[in-house]
Amino acid sequence: MQLEERFDAHIDAGDFIEAKDWMPDHYRKTLVRQISQHAHSEIVGMLPEGNWVTRAPTLKRKAILLAKIQDEAGHGLYLYSAAETLGTSRDQMLEALHTGRAKYSSIFNYPTLTWADMGTIGWLVDGAAIMNQVPICRCSYAPYARAMIRICREESFHQRQGFEALLTMMQHGTEAQKAMVQDAVNRWWWPSIMMFGPPDDQSPNSAQSMRWGIKRISNDELRAKFIDATIEQAKVLGVTLPDPDLKWNEERQHYDHGTIDWSEFWRVVGGDGPCNRERLGARVKAWDDGAWVRDAALAHAAKRAEPQPLAA
Amino acid sequence: MQLEERFDAHIDAGDFIEAKDWMPDHYRKTLVRQISQHAHSEIVGMLPEGNWVTRAPTLKRKAILLAKIQDEAGHGLYLYSAAETLGTSRDQMLEALHTGRAKYSSIFNYPTLTWADMGTIGWLVDGAAIMNQVPICRCSYAPYARAMIRICREESFHQRQGFEALLTMMQHGTEAQKAMVQDAVNRWWWPSIMMFGPPDDQSPNSAQSMRWGIKRISNDELRAKFIDATIEQAKVLGVTLPDPDLKWNEERQHYDHGTIDWSEFWRVVGGDGPCNRERLGARVKAWDDGAWVRDAALAHAAKRAEPQPLAA
Amino acid sequence: MQASIAVDLQPIVQYLLRIGDTCLIHAQRISEWSGHAPILEEDIAMSNMALDLIGQSRAVLTLAGQLEGRGHDEDQLAFLRQEKDYRNLTMVELPRGDFAFTVVRNAMMATLMKLLWERLHESSNAELAAIAGKAVKEARYHQQHAADWVVRLGDSTDEARQRIEKALRELWLYVPELFESDAIDEAASAAGIGPRWTDLQAKWLEEMDAILGEATLQRPDDAAFRSTGKRGVHSEHMGYILAEMQYLQRAYPGGVW
Amino acid sequence: MQASIAVDLQPIVQYLLRIGDTCLIHAQRISEWSGHAPILEEDIAMSNMALDLIGQSRAVLTLAGQLEGRGHDEDQLAFLRQEKDYRNLTMVELPRGDFAFTVVRNAMMATLMKLLWERLHESSNAELAAIAGKAVKEARYHQQHAADWVVRLGDSTDEARQRIEKALRELWLYVPELFESDAIDEAASAAGIGPRWTDLQAKWLEEMDAILGEATLQRPDDAAFRSTGKRGVHSEHMGYILAEMQYLQRAYPGGVW
């Protein structure tokens, strides 16, 4: 157990673990699960946004949305690469996604029903994602931490763009546009604060992840931080958050919020959210429809690797 | 040759030929070709109109368009039945359509690009079709003549509806709507007057068909009649027909018209019109996609025809 | 002029919009078959069914506009609302799918509508009762036609059976929404306008079981999934349906058609 | 406000609209791949290409609006014209098809655009020359990327080869439109704004032949079919593209986005 002791010592000292270093199996598995889940979230997350590219209302907004989706595909790529350093291939991870064994962020199982959903996803969903991800920039596994630094920088940019898109509509738009923004916020608020996961007392994997420096801050703590920050931003926007119980708690130095409907959360995680079947179906279809392309690329590479026959 | 003499005598006397009567092979073949081509035209003709059902601008117009398309499918059905009395099955005729051996009216190889195309097709295309078809109500082959009587009645109704739809836009619509109507008329005028076929001196099959009482009036004569009638209707509508050479010829007692671009006509007939590939492709796809349905219906009928096993 | 209209949220109007919108959006989907059906007889049948549904939608939307009292006619209601103000069942938004999907959906919807029209025929609103009297005959025919196909396809080849089972599995997810009760239903029921849809459930299941039984098919299990189109929260398909359906009204302000 | 705008028909404006609209509509089609590509790297590549094309379209439409002198900005031109006033090549309207169709179309279009931007870089209009200077680099990359795929798919498995041959056959029908000359081209050429597109044909064929040759593919025969999108008479696909693309601008009059 000398290896494990040395590993624990590294962790305790706040050192980073590199791919070549020894690590416990469970640490490796936990990381593969978390990183691939994060990668899958980027990939599946392209779908609800992709739904509005052809309908974006101006060319500037269309360009911003395309750039964002491109960034997300890029994040997926870094993250799959980071996970691959742990010995699992991208195809294996995708297989787990397509067969339903691997999860992705449940937030992407909600539909994008109006253009304002694009700004709202940027503001709330990316906002919550960043809150979750910034601590991972200090994650004990170095390749993951390095990927997250770059990702968080881009996500912050996306969040600001989303907020700005909403602000433009709220400050300069028509009444119909303002109502569209409020409607989007009403639909995305609760799913967004569920993104931090179940309450700490019901989060079984958290303790070990904390111990290993994979997770740094608890679900409830992150959620509180997010809510506090968002309430101030909502005031700037001029939208109402759909929770009448939000009020400042002097003692906790945080806002109190209303009861979260965890039965909805578990229903969506369990596969019965509004778009679970569509999202996974779209990914599986893209993969299956693309099989001949991947086969052809391999066949071509093999062909070109062979010595060419001489011309007659 | 007694049979042939008797047949000729019937024809000369203006009598009708019924399915059970003896007829020359060439008469039979000519009729199958013409009736099936007419049936195919009804079926293919559903496509350019079907293109606008989901986009019709009011519920009333949507209902009128759906009813018209339903009528056209019905016409296809009568006509296939009439042709079947001559000993060729519907499947054989469809096979000829799908493999490109059989023709359909070339007019349906033009795209429907605006809503005004719906009214214009009713007015001009159905108008020209009626002009072509009314004489066939007196065709020597009785089952065809009977089908045509019913079809012509419905076509007239369609033509009036098309005209009325255009008139509504021209009399009560906005400038943008009036421009839409004029644009549609500009695109459909020349193809419509080509619907009567090539000039008489270049129409090889006409003489025999005339002799047999399948065709009663020549291409150019029908075209002249159509142009004369349409010019008056265009005045009521307030649209300009896109031919600066249209002018009354006192001697002929018909309007003269500009030169028809017969090279375009032959290009479209030959398969290189704007939508030939799409139209035929859509029909073939519908047929191929529906193969399992037709197979299943046959299998079910066979199953139910067998004596059912006794319940255990 | 072609900006969206705001619709009154009074329960009776909402109750009628659920009916009128369901017919309308279902007609949009069915009409996609015109010219593309597996046999010519079905081109006719599908066009005819779409036509009946448009007729029903027109009558009900007109009545909804009258009861609303804001001067909205059938076309303003059909073409100028925002997505969230449509109240159709989510099931009718789903893409047309293959012919198996279409006939299973048609059987489910026609069975529902037949039962609904039967009850609406006794509505305290005479106008609605009259609409229902005509519509119920159409719905009976739609049900018979679709059920015949479900039976025909269900009890035939392996391919057809697989397709129809898949369609049934996918569509069954959207069934709970049909019978979910809420304040709108309660208000309509209390006013004698029409039944709570939940009261149609037992009979609907019985009739569907009869169809599925004859087709030698199993009724799928219920899932926890819940669609919500009736409350105005639609699937992602709806936006595309409306972009297409509303385009001319939006792009030609002040147009007369 | 969201009624359609009327566009000036002066040749130079039309010449620019052909470029800006072709980039725009092509971007619409390519962007349909975002999230649905065969491999993640192609999700990135397709999104990136769409983004470049949107950027090019914005620059050219803005310039077209300035030269037109009616105060139309990029968005009014992109979103508020009637179908017949769009001047894109018909080829870019065709549905995205499979990946073979997409890469063949991309190779054809990028080769055309690269050759066009090279010439526009010498335009008498300094603004257009500057736009072209940036765009030509992007088009070169697009061409390389698409050509690599044409070669990879053309010379690989039987299935891929069949698909790419089918795509090539279908797309080749739309090639003559690319190089058809008319008064608009002549005017642009006379003013030193840009080349007659017909003058690009020889080089385009040469580069395409090189790509097809490396892919071991045959150049298809020419047909008598002629598409006419460049003159504003589009395929039936265009109406659906615009209904979707323009929907928000049409449905939210006076909106600020």
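Is B:Trp22 buried, partly exposed or exposed in this predicted model, and what is its relative accessible area? B:Trp22 is partly exposed, and its relative accessible area is 36%. The views below are all taken from the predicted model.

**View 1. An edge-to-face ring pair in chain B, formed by B:Phe7 and B:Trp22.** B:Phe7 belongs to helix α1 (residues 2-12) of chain B, while B:Trp22 belongs to the loop between α1 and α2 (25-50), so the pair ties together parts that are 15 residues apart in sequence. B:Phe7 has a relative accessibility of 2% and counts as buried, whereas B:Trp22 is partly exposed.

**View 2. An edge-to-face ring pair in chain C, formed by C:Tyr174 and C:Phe225.** The distance is 5.1 Å centre to centre, with 75° between the planes. C:Tyr174 is located in the loop between α6 (158-172) and α7 (175-179) of chain C, and C:Phe225 in the loop between α9 (201-214) and α10 (237-251), so the pair joins parts that are 51 residues apart in sequence. C:Tyr174 counts as buried at 7% relative accessibility, and C:Phe225 is buried with a relative accessible area of 5%.

**View 3. A cluster of aromatic rings in chain A.** The cluster consists of A:Phe7, A:Trp22, A:Tyr27 and A:Trp212, linked by ring pairs.

**View 4. Arginine side chains over tryptophan rings in chain A and chain D.** A:Arg294 lies over the face of A:Trp287, at 3.4 Å from the ring centre. In chain D, the charged end of D:Arg96 sits over the ring of D:Trp33, 4.1 Å from its centre.

**View 5. The interface of chain C and chain A.** Chain C contributes 16 residues to the contact and chain A contributes 18 residues. The two chains bury about 1,200 Å² between them, and carbon and sulfur atoms give 50% of this area. Of the area that chain C buries against chain A, 45% is supplied by C:Phe225, C:Glu236 and C:Tyr240, more than by any other three residues. One salt bridge is found across the interface: the side chains of C:Glu236 and A:Arg279 meet at 2.6 Å, N to O. Five residue pairs are in polar contact across the interface of chain C and chain A, with both residues at pLDDT 80 or more.

Terms used:
Residues numbered from 1 in each chain as written. Chains lettered and ligands numbered in written order. Predicted model: local features only at pLDDT ≥ 70, side-chain atom pairs only at ≥ 80, totals over all residues. Heavy atoms only, no water. Phe/Tyr/Trp six-rings, centres within 6.5 Å; stacked < 30°, edge-to-face > 60°. Helix = DSSP H or I, 4+ residues; strand = E, 2+ residues; numbered from the N terminus. Buried < 20%, exposed > 50% of the residue type's maximum accessible area, 1.4 Å probe, protein only. Lys NZ or Arg CZ within 6 Å of the ring centre and 35° of its normal. Contact = heavy atoms within 4.5 Å. Buried area = accessible area lost by both parts, 1.4 Å probe. Salt bridge = Lys/Arg side-chain N within 4 Å of Asp/Glu carboxyl O. Polar contact = N/O pair within 3.5 Å; in protein donor to acceptor, adjacent residues only side chain to side chain.
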